[in-house]
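This briefing sets out the computed features of one protein chain for use alongside its sequence and coordinates. The points below are grouped by topic.

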Amino acid sequence: ASYIKEITSGRAGNYLIFFPSHAFLKEVYEVYRETFYEEEREECALQEEYMGESAREEFLQKFSMTESGGRSLLGFCVLGGIFSEGIDLKQDRLIGAVIVGTGLPQVCNEREIIRQYFDEREENGFDYAYQYPGMNKVLQAAGRVIRTADDVGIVALLDERFLQHTYQRMFPREWKDYQVTTCHHASFHVGEFWKRWSEGRQGRLKPPEL
């Protein structure tokens, strides 16, 4: 919850925050509302566990309304769910995504069968059964931010496992200049990113890359 506040405070706009499960989402959402929520600064939208078509449209419709310099919109969603793929939020409709966790699927018989299949062929079954599908969900969620060549935004990965080589080897080449930060320094790094972007728009600096 602290990370979410530090990251989204850097610039007013629309953000999606992705969690590995509805239970974890609701737990952090409640902490955020109790500890950091400021009604005059932001609005929070919550992905419910069961949402009909009208509820989904209402959720997405909120992101069509951008207020430069106004209140932020924070959408709390589930990783791998209906809002982490197949939606197109271009330009200022989405300026950031916060991804909590590596997206690993839950252990189940099907996953264990896949793991055993590759292990028996002297390959890393865990990678095929869990790590690759999980990272695919992470990439899909991150991909909501940059939809056109003109889009600029923040992608924050909140999990120390992303610092491991096994995950970094799956990073797209655009992520090679990622910045490692802590909760105490996140707002500074985010602020520097948007400062550089603003100066780039004014022609003083090259705009930052994702």
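Helices (H or I, at least four residues) and strands (E, at least two) are DSSP runs, numbered from the N terminus. On that basis, the chain reads α-β-α-β-α-β-β-α-α-β-α-α along the sequence, and its secondary structure comes to seven helices and five strands. The model is a predicted one.

**Overall dimensions and surface**

- The chain has a radius of gyration of 18 Å, which agrees with the value near 17 Å that a compact globule of 210 residues would have.
- Taken along the principal axes, the C-alpha atoms occupy a box of roughly 55 × 40 × 30 Å.
- Of the 210 residues in the chain, 39% are buried.
- Carbon and sulfur atoms contribute 47% of the accessible surface, which comes to about 12,000 Å² for the chain.

- Considering contacts between residues at least 6 apart in sequence, 75% join residues at least 24 apart.

- Strand β4 covers residues 96-100, and five of its five residues are buried, so β4 is largely enclosed by the rest of the structure.
- The burial cut-off behind this reasoning is a relative accessible area under 20%.
- In a regular strand, side chains alternate between the two faces of the sheet.
- In β4, Gly96, Val98 and Val100 point one way, whereas Ala97 and Ile99 point the other way, and all are buried.
- Strand β1 (residues 14-19) pairs with β4 in the parallel sense over four bridges; Val98 of β4 is the bridge partner of Ile17.
- Strand β5 (residues 154-158) also pairs with β4 in the parallel sense, over five bridges; Leu157 of β5 is the bridge partner of Ile99.

**Arg115 in helix α4**

- Arg115 belongs to helix α4, which spans residues 109-120.
- With a relative accessible area of 30%, Arg115 is partly exposed, a class that lies between the limits of under 20% for buried and over 50% for exposed.
- Not counting residues up to four places away in sequence, Arg115 touches Gly125, Phe126, Ala129 and Tyr130.
- Gly125 is ten residues from Arg115 along the chain, and the C-alpha atoms of the two residues are separated by 3.9 Å.

How values were computed: Residues numbered from 1 in each chain as written. Predicted model: local features only at pLDDT ≥ 70, side-chain atom pairs only at ≥ 80, totals over all residues. Heavy atoms only, no water. Buried < 20%, exposed > 50% of the residue type's maximum accessible area, 1.4 Å probe, protein only. Pairing = 2+ DSSP bridges. Rg over C-alpha atoms; globule rule 2.2 N^0.38 Å. Contact = heavy atoms within 4.5 Å. Areas by Shrake-Rupley, 256 points an atom, 1.4 Å probe, with all protein chains shown as cover.
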